[in-house]
Amino acid sequence: MEETVEDPPTSAVLLDHCHFSQVIFNSVEKFYIPGGDITCYYTLTQHFIPRRKDWIGIFRVGWKTTREYYTFMWVTLPVDLNSESAKQQEVQFKAYYLPKDDEYYQFCYVDQDGVVRGASIPFQFRPENEEDILVVTTQGEVEEIEQHNKELCKENRELKDSCVSLQKQNSDMQAMLQKKQEELETLKSISKKLEQTMKEQKDCWETELLQLKEQNQKISSENEKMGVRVDQLQAQLSNQGKEMEKLVQGVQDKTEQLEHLKEENGQLFLSLTEQREHQKKLEQTVEEMKQKETTAAKKQQELTDQNMDLSKRLSENKIIYNVLQREKEKMEKENDFLKRENSRLLSYMGLDSDSLSYQVPTSNQGGTRQDPGLVFGNPYSGIQESSAPSLLSIKKCPTCKSDFPDDVFDHNLALEQHLQTLSLNCPICDKTFPAKEKQIFEDHVFCHTL
């Protein structure tokens, strides 16, 4: 056996799974002379690609697996696989490592996966003129040789049949190989697409993995909290167990307490169910409250707008009130002036106001007339005519801005009666106020804004 630094790659693959047609051995002799080096010539087929760990071994005929080689040599990789010279290869076996017996051997090409890719015809190692040598043998040896020759002939026929089958298999394998190469190209394109898909899927998985890690950290923290809670519960359970040992005295009591606990568990389950239903109702109530709050907010905005409008109206009414108040003060001043003037005139004439109360003139639609009891007429007719424009100066309602007719003698009385017919309605609570209580009405509306 050849002593090498590294053993060749072999396998336990049987002959049925080998491909003998991918490497063809050429110029194989029927026998080789012992003591000399031999050269093995072989041809690589079109679709076979050699690799660095391929080797050629010498096997005894009848081998079953590639582990039964006698000696081997590493193949030489060609520089250019496309050239014709690269297909024709050879390897030389040294005489020292060759077999010394006359058994039948054959060359076998084995790839780096331990699969046979080609096999040669059988050959022997014997001298060239071996027929001329006189061999003296016993009868038993002769019978053994005849039996061995019969076996060799039978094996030779089997090898010929196998060779024909291998040649047919070679043509079939060539066609299948061509088909497989086309499928290989298709599979390569599919493989590229799958690699791209796998890359995208890998990125997606990495993202999901990060999310799962974050969830795992959250769950771990929750588990730690639950562990602390479990320890507390276990401590409570231990205390309860001690108390139960003191309280429970017999098996019957323990059984009754267990039944009681089961009932409590059922009640707690029912209570939990009720609480969940109550929680759902509360959630519905909260949703309804949110809707009501939204409606109230809209209503509040509308009231705010109304309040702004009422505030503007209140400001305007206050302005009108101030104008009327100033007019009232002016009228009161004029009235005081007239009273003083009247008193002065009465004192000048030597009369008082009580004695002349029945002499106040009345007005009608035709104008003024004199009292028949006065000989020289009404001495105050000039005074009344001079003061009439001031007393009758209010001819327009300050609330509704309507004009009074000119034939009304007492416009102040007419204004008072007109204001009493008017009413003020609160825009918020619909409460009604007389027009003369305008200040009370404004205070009432202002209270709604507080």
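Which residues make a nonpolar surface patch of about 590 Å²? Select Leu184, Leu187, Ile190, Leu194, Met198 and Trp205, and you have that patch on screen. Patch members have over 30% relative accessible area and no salt bridge, with like charges joined within 9 Å and nonpolar side chains (Val, Leu, Ile, Met, Phe, Trp, Tyr) within 5 Å. Areas here come from the Shrake-Rupley method with a 1.4 Å probe, and for residues only the protein chains shown count as cover.

Before moving on, some ground rules. This is a predicted model, where local features need pLDDT of at least 70 and side-chain atom pairs count only at pLDDT 80 or more, while totals for chains, interfaces and linings use all residues. Residues are numbered from 1 along each chain as its sequence is written, and side-chain values use heavy atoms, with hydrogens and water left out.

**Whole view**

Zoom out and colour by secondary structure: the protein has six helices and 13 strands (DSSP runs, H or I of at least four residues for helices and E of at least two for strands, numbered from the N terminus). Of its 450 residues, 21% count as buried (under 20% relative accessible area; exposed is over 50%, partly exposed in between, using a 1.4 Å probe and protein chains only). The protein exposes about 34,100 Å², with carbon and sulfur atoms supplying 53% of that.

Trp205 is partly exposed, at 45% relative accessibility. Click on Cys204 too: its relative accessible area is 35%, so it also counts as partly exposed.

**Salt bridges**

There are seven salt bridges to find, each a side-chain nitrogen of Lys or Arg within 4 Å of a carboxyl oxygen of Asp or Glu. Start with Asp37 and Lys94, whose closest N and O atoms are 4.0 Å apart. Asp37 sits in the loop between β2 (31-32) and β3 (38-44) and Lys94 in the loop between β6 and β7 (105-110), so the pair ties together parts that are 57 residues apart in sequence.

Next, pick Asp111 and Arg117, which form a salt bridge at 2.9 Å, N to O. Both of these residues are buried.

**Strand β6**

Gln89 is in strand β6 (residues 88-93), and with a relative accessible area of 14% it is buried. What is Gln89 in contact with, leaving aside its neighbours within four places in sequence? Show Cys40, Tyr41, Tyr42, Leu44, Thr76 and Pro78 (contact means heavy atoms within 4.5 Å).

**Helix α3 and the UBZ1-type stretch**

Jump to Leu314 in helix α3 (residues 251-349), buried at 13% relative accessible area. Leu314 touches Glu442 and Phe446, not counting residues up to four places away in sequence. Draw a distance to Asp443 as well: the C-alpha atoms of Leu314 and Asp443 are 9.2 Å apart, across 129 residues of chain.

Further along helix α3, Arg344 and Glu341 lie three residues apart, about one turn of the helix, and their side chains meet in a salt bridge (2.3 Å, N to O).

Finally, select 423-448, where an unreviewed UniProt entry places "domain: UBZ1-type"; UniProt positions follow the numbering used here, feature names are shortened, and annotations may be inferred rather than shown by experiment. That stretch is 42% helix and 23% strand, with its end C-alpha atoms 19 Å apart.

One last check is for disulfides (cysteine sulfur atoms within 2.5 Å): the structure holds zero. For Cys447, the nearest cysteine sulfur is that of Cys426, 9.9 Å away.
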